[in-house]
Amino acid sequence: MKRAWITIGSFDGIHLGHQKIIDNLVKGAKNNGAPSIVITFFPHPAVSIRNITDPYYLTSPEEKDRILSGLGVNSVLTMHFDYSISQLSPQDFINTLHRQLKFSCLLVGYDFRLGADRKGSLKILECLGDKMGFCVRAIKPLQKLSKPISSSVIRSALKRGDLNTANTLLGYPYSIEGTVVHGDGRGKHIGIPTANLSVWGGKLLPSKGVYAAFIYINKKRFPTVVSIGFRPTFYEIPEQQTIEAHILNFSDQIYGMKIKLQFISRLREEKKFGSVKELIKQIRKDISDAEEALSNDTTPTDISS
C-alpha cells in the first residue's frame with residue numbers, strides 16, 4: 001500500500017467547506033491506491049488556548065469520527081491538544097507527524113495555519129514538503145450566502161437562532177444527541193408529554209426557542225416539537241436550561257434511551273405566558289406549525305446517521 005494522504009484540522013461541525021476537503025482527500029487517496037487519514041484535535045485548540053468553558057462544539061469527538069467515516073475516510077487520528085502541542089513549531093509538528101505516518105500528500109484549507117503563533121503558512125508547509133518528500137494541496141474556499149464557510153460563522157448563527165443559515169452552511173440539519181431523563185412531569189400534567197434530554201456539556205445548543213425537529217429512536221424517525229429554554233411560564237427565577245421534545249403521535253416509554261434530535265426549522269422564541277391555558281393554546285399551534293414545516297422538509301439527510 002502506498003503512503004497515506006492526510007489532512008489536518010479541527011473540523012468542528014464538518015460543514016460544506018470541510019466536506020470539500022474530505023472529498024478531495026478520499027478521492028485523491030483512492031486514485032493513488034493510498035489510505036486517507038484525518039488528523040484532528042480534542043480539545044479544540046480555541047477551547048484550550050482561550051480557556052473556553054461555555055458549550056462550544058458543533059460535533060462531539062464521537063460524532064466527528066462517525067461523520068468522517070461515513071464520508072469515506074479510512075482513519076481518524078484525534079490528538080490531545082494541550083499547551084505543549086500549541087508551542088510546537090510548524091517544522092517540529094510536521095517532522096514528528098511525518099516520522100510516524102510517512103504520508104505522501106497533505107491537503108489543507110485555503111486559510112490553514114499550523115504551529116505556535118500560527119506561523120505554519122502554506123508556503124512553509126510547501127517548503128517542508130519539498131524537504132521531506134510530500135506534496136501540499138490547498139483546497140479553494142467554498143462559499144455560501146456570499147461568504148466563506150466557517151465553524152465560527154455557524155456557531156454565531158446558532159447562538160442568535162438563525163437555524164436556516166447554520167443548516168445551509170453545514171449542508172445538513174444541525175443535531176444533538178443525548179439520553180432521555182426524567183423531568184418534573186409538567187408536560188404530562190397538561191396533556192402534552194415531553195422527553196427531557198441530557199446532552200454532553202460541551203455541545204453548543206441552538207438558542208432558546210421552539211423548533212420543528214425530527215427525533216431518531218432506534219434508527220426510526222418521528223416528527224417532534226422541541227423547546228429549549230428555562231420555562232418562564234412556570235419559573236420566575238430561571239433554573240437549569242432544559243431540552244424538551246414532544247414527539248408527535250408517539251406514546252412509548254423511552255427513559256434511559258439514547259436519541260438524536262435533528263433541527264429543521266425555528267418556530268418561535270421562548271416566551272412567558274400569562275397562564276397555563278395560554279401556553280397550551282400556543283403549544284397546539286406549535287404542533288400544527290411543526291407538522292407543516294416537517295411535511296415540507298427538503299433538507300439533506302443527516303450525514304452522521
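I started with contact range: among contacts (heavy atoms within 4.5 Å) between residues at least 6 apart in sequence, 73% join residues at least 24 apart. I noted that this is a predicted model, where local features need pLDDT of at least 70, side-chain atom pairs count only at pLDDT 80 or more, and totals for chains, interfaces and linings use all residues. Residues are numbered from 1 along each chain as its sequence is written, and side-chain values use heavy atoms, with hydrogens and water left out.

**Overall figures**

I looked up the secondary structure and found 10 helices and 13 strands. These are DSSP runs numbered from the N terminus (helices: H or I, at least four residues; strands: E, at least two). Along the principal axes, the C-alpha atoms fill a box of roughly 75 × 40 × 35 Å. I then checked burial: 48% of the 305 residues count as buried. Buried means under 20% relative accessible area, exposed over 50%, and partly exposed in between (1.4 Å probe, protein chains only). The accessible surface is about 15700 Å², and 50% of that belongs to carbon and sulfur atoms. The areas come from the Shrake-Rupley method with a 1.4 Å probe.

**Charges**

I found 40 positive and 28 negative side chains, with the centres of the two sets 6 Å apart. Lys and Arg count as positive, Asp and Glu as negative; His and the chain ends are not counted. I took each charge at NZ of Lys, CZ of Arg, CG of Asp or CD of Glu.

**Salt bridges**

The structure holds 10 salt bridges. The criterion is a side-chain nitrogen of Lys or Arg within 4 Å of a carboxyl oxygen of Asp or Glu.

I looked at Asp23 and Lys27 in helix 1 (residues 16-31), which are 4 residues apart, about one turn of the helix. Their side chains meet at 3.3 Å, N to O. Asp23 is partly exposed at 34% relative accessible area.

Next I checked Glu177 and Arg66, whose closest N and O atoms are 2.3 Å apart. Glu177 lies in strand 8 (residues 175-181) and Arg66 in helix 3 (residues 61-70), so this pair ties together parts 111 residues apart in sequence. Both are partly exposed: Glu177 at 29% relative accessibility, Arg66 at 33%.

Arg231 sits in the loop between strand 11 (220-229) and strand 12 (242-247), and Glu244 in strand 12, 13 residues apart. I logged Arg231 as buried at 16% and Glu244 as buried at 12%. Salt bridges with shared partners join Asp184, Arg186, Arg231 and Glu244 into one network.
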